[in-house]
Amino acid sequence: MASSAPHRVLVLSAPVGEGHVAAARALAARMRARWPDTHVREVESTGGAGRDRLLAAAWATVMRHAPALYGIGYDALVGAPWFARLCKSVAGRRLARTLDPLLRAERPDLVVSTYPMTTGGLARLRGRGRLDAYTVAVVTDVAVHPFWVWADVDETWTLLESSRRQAVATERGADVRVAAPAVGPDVHRRDRAAARRATGLDPDAFLVLLSGGSLAFGGLETLADAVLDAGDGVGAVVLCGRDERLRTRLAARGQGRLRALGWTDRVPELLSAVDLTLTTAGGMIATESLAAGTPVLFAAPVPGHGRAGARMTAEAGLALVCGTTDEVAAAVRLLRDDRDTRAALAGAAAEFAARDPDAELDALAGRIALRRTG
């Protein structure tokens, strides 16, 4: 497939939450391995350090202290298409001005974007005849925010068929496809016993991995208690992300059935080592868990795309959704004790994990080559 691979690729993301960057890095790593003669450059910025810091700080502040505000904004954009179009137009113009010099300097024949506003900039440039490169938008959440989808982008990749339908309804002129998840080569199904030995986890416990994204939001401490309330034989492994205070509080309890981890690069192994991933955020941790063949439990998911994505994932048979801590304890107990329920979720996750991102890249290279020769 290297003979038909693109020559120059630009992979764009933004440091607003770790999921966008993680997806971009995963795709770039796969491209370099799959297309060894291709020049692949990653740019993790919206075009200025000040703007990046402002966006990241605003996101962190809202999600930590007022997530309901984000939910209100999300619902307003989804429920009022005219308002979404207005906001998208403003964002697209601003990002186009930032991206134009970069694209003229790099002259890529493929641009992949994992950040929605950056995608808007690409769409703006394409719509005005200032971008010839093939463009792909990669949606990193199951629920498709209106900013994810732009008609002037060549392709939009979504995670589920319900995601594709939602995207098409949002932007009817867009070419939207269900694609393999944008996860790295190290995210795959592994032998569970071996993964537990490698990570030092209890070989016999029913283990739940808890994550609230890089910011560890969503009340993980309370949710860890709910998991442990499921009873003996259940253990909790909490990914505290960049919240060192949370890690310190949890670590002070001692090991026992609770293990608290700070920022770690061993998430792929952990996902295979546990029986279940509990998340308040969705996004990349849910996608990576399913790509590792591990079922997902959404616990009081964050408003907006978090709740919408949790519902859509559950409707696809890939997850359970809980709204309260009592429901969390009951769900963990059910999955520990009910083999049929556990097998159904695990089977759906295994089917999701069977999707091949490398095959997706091969097919993309073929479409790009066809347009070059056509």
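Visitor: What classes of residue are in the lining of the second largest cavity?

Guide: This is a predicted model, and in it that lining has ten nonpolar, three polar and no charged residues. The second largest cavity itself has a volume of about 70 Å³. It is lined by 13 residues, and Val138, Val139, Leu159, Pro181 and Ala182 are the closest to its centre.

Visitor: Which residues of H12 are buried?

Guide: In helix H12 (residues 305-315), the buried ones are His305, Gly306, Ala308, Gly309, Ala310, Met312 and Thr313. Just after H12, glycine 317 has a positive phi of about 80°.

Visitor: Switching to pockets, which element gives the most to the lining of the second largest pocket?

Guide: That would be H4, with six residues. The pocket has a volume of about 420 Å³. Its lining runs to 21 residues, with Arg85, Lys88, Pro146, Thr170 and Glu171 nearest the centre. Two or more lining residues come from each of helix H3 (67-79), helix H4 (81-106), helix H5 (116-127) and helix H6 (161-170). By class, the lining has ten nonpolar, five polar and six charged residues.

Visitor: Why is H3 called roughly perpendicular to H4?

Guide: Their axes come within 5 Å and cross at roughly 105°. The roughly perpendicular range is 65 to 115 degrees, so H3 is roughly perpendicular to H4. The contact uses Ala76, Leu77, Val78 and Gly79 of H3, and Pro81, Phe83, Ala84 and Cys87 of H4. By class, the residues of that contact are seven nonpolar, one polar and no charged.

Visitor: What makes H11 roughly perpendicular to H14?

Guide: The axes of H11 and helix H14 (residues 339-353) come within 7 Å and cross at roughly 95°. That angle belongs to the 65 to 115 range, so H11 counts as roughly perpendicular to H14. Thr287, Leu290 and Ala291 of H11 meet Ala349, Phe352 and Ala353 of H14. The tally here is five nonpolar, one polar and no charged.

Visitor: How do you know that aspartate 100 is buried?

Guide: Buried means under 20% relative accessible area. Aspartate 100 has 12%, so it is buried. It is found in helix H4 and touches Leu125 and Arg130, not counting residues up to four places away in sequence.

Visitor: Why is leucine 122 called buried?

Guide: The cut-off is under 20%, and leucine 122 is at 1% relative accessibility, so it counts as buried. Leucine 122 is in helix H5. Setting aside neighbours within four places in sequence, its contacts are Leu12, Leu99, Leu103, Val111, Ser113 and Leu131. One of these, valine 111, is eleven residues away in sequence and 8.6 Å away in space, C-alpha to C-alpha.

Visitor: And what makes leucine 209 buried?

Guide: At 0% relative accessibility, against a cut-off of under 20%, leucine 209 counts as buried. Leucine 209 is in strand S7 (residues 206-211). Neighbours within four places in sequence aside, it is in contact with Val237, Leu239, Leu270, Leu271, Val274, Leu276, Thr277 and Leu278.

Visitor: How far apart are leucine 209 and leucine 271 in sequence and in space?

Guide: They are 62 residues apart in sequence, and 7.4 Å apart in space, C-alpha to C-alpha.

Conventions: Residues are numbered from 1 along each chain as its sequence is written. This is a predicted model: local features need pLDDT of at least 70, side-chain atom pairs count only at pLDDT 80 or more; totals for chains, interfaces and linings use all residues. Side-chain values use heavy atoms; hydrogens and water are left out. On a 1 Å grid over the protein atoms alone, a cavity is a set of points where a 1.4 Å probe fits but cannot get out, and a pocket is an open set with protein on both sides within 12 Å along at least five of seven lines; lining residues have an atom within 4 Å of a point. Grid points are joined across faces, edges and corners, and a volume is the space filled by probe spheres set on the points. Helices (H or I, at least four residues) and strands (E, at least two) are DSSP runs, numbered from the N terminus. Ala, Val, Leu, Ile, Met, Phe, Trp, Tyr, Cys and Pro count as nonpolar, Asp, Glu, Lys and Arg as charged, and the others, Gly among them, as polar. Axes are lines fitted to C-alpha atoms, for helices over the stretch in contact, and angles run from 0 to 180 degrees between N-to-C directions. Angles under 35 degrees count as roughly parallel, over 145 as roughly antiparallel, 65 to 115 as roughly perpendicular and the rest as oblique. Contact means heavy atoms within 4.5 Å. Buried means under 20% relative accessible area, exposed over 50%, partly exposed in between (1.4 Å probe, protein chains only).
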